Amino acid sequence: MKEIEWFETYETGFEEIDHDHRNIFDIANGTMRALARGDRDECLRLAGDFVIALETHFPREEAFLREIGYPHVAKHAAHHQGLLRQANRFADLCGRPGQGALPAEPFEKLVSVMLADFRGGDLDFRTFLMEKGLDKAMVEDRFGSVWL
Ligand SMILES: [Fe+2]
Ligand SMILES: [Fe+2]
């Protein structure tokens, strides 16, 4: 499995969201390297980090989306829950020694769903903001406290 590359197009322009996303990216790439080496302990550790990073990021992003009045929060949150379930399943699989090969394929699927979240839902709100005529500075000024 190839490591994933960060593209500028993934950037939402909101530092806090982008920071979380980059962190999740780094953990995913570390996990891929551990899978390639067959390092079960490191896989298990990073799978735990991955779950924690998602559990931290999703409520913050959803709170932000609610604050700006984004209309598709429920749909986006449901997508997040699916992703979190997949991440937990992956962590479970990593933690089962004696099961043969490490679960590279489930992780690959998880990463593709995660990238769909970054590329789709997480960028969609920018269009919404533009349509509403809200610019980044105004939003940060009004809703900066969400990310605490
Ligand atoms: Fe998201
Ligand atoms: Fe996100």
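Residues are numbered from 1 along each chain as its sequence is written, and chains are lettered from A and ligands numbered from 1 in the order in which they are written. As the model is predicted, local features need pLDDT of at least 70 and side-chain atom pairs count only at pLDDT 80 or more, whereas totals for chains, interfaces and linings use all residues.

The chain contains 5 helices and 0 strands, where helices (H or I, at least four residues) and strands (E, at least two) are DSSP runs numbered from the N terminus. The order of elements from the N terminus is α-α-α-α-α. Of the 148 residues, 22% are buried; a residue is buried if 20 or more other C-beta atoms lie within 10 Å of its own, exposed if 12 or fewer, and partly exposed in between, with C-beta atoms placed from the backbone. Contacts require C-beta atoms, placed from the backbone, to lie within 7 Å. Among contacts between residues at least 6 apart in sequence, 68% join residues at least 24 apart.

Helix α4 comprises 29 residues, 104–132, and reaches 42 Å from its first C-alpha to its last, close to the 42 Å expected at 1.5 Å a residue. The expected span is 1.5 Å times one less than the number of residues. A kink of about 30° is centred on Asp 117, the bend at a residue being the angle between axes fitted to the seven residues ending there and the seven starting there. Asp 117 is also among the buried residues of α4, which include Phe 107, Val 111, Met 114 and Phe 118. The cover over the buried residues of α4 includes α1 (15–37), α2 (40–67) and α3 (73–94). Gly 133, with a positive phi near 75°, follows the helix.

The axes of α1 and α4 come within 11 Å and cross at roughly 165°; axes are lines fitted to C-alpha atoms, for helices over the stretch in contact, and angles run from 0 to 180 degrees between N-to-C directions. The two helices are therefore roughly antiparallel, a term for angles over 145 degrees. Their crossing is left-handed, as the near helix is turned anticlockwise from the far one by less than a right angle. Contacts in this pair involve residues including His 21 and Ala 28 of α1, and Phe 107 and Met 114 of α4.

Helix α1 also packs against α2, at an angle of about 160° and with the axes 9 Å apart. That makes α1 roughly antiparallel to α2, and this crossing is left-handed. The residues that meet include Ile 24 and Ala 28 in α1, and Ala 47 and Phe 50 in α2. Both Ala 47 and Phe 50 are buried. The 28 residues of α2 should span 40 Å at 1.5 Å a residue, which agrees with the 41 Å between its end C-alpha atoms. Just after α2, Gly 69 takes a positive phi of about 80°.

Glu 62 lies in α2 and counts as partly exposed because it has 17 C-beta neighbours inside 10 Å. Not counting residues up to four places away in sequence, Glu 62 touches Val 73 and Ala 77. Phe 7 is placed in the segment before α1 and counts as exposed, with 10 C-beta neighbours inside 10 Å. Phe 7 and Arg 119 are 112 residues apart in sequence, yet their C-alpha atoms are 9.9 Å apart.

Definitions and conventions:
Contact = placed C-beta atoms within 7 Å. Parallel < 35°, antiparallel > 145°, perpendicular 65-115°, else oblique.
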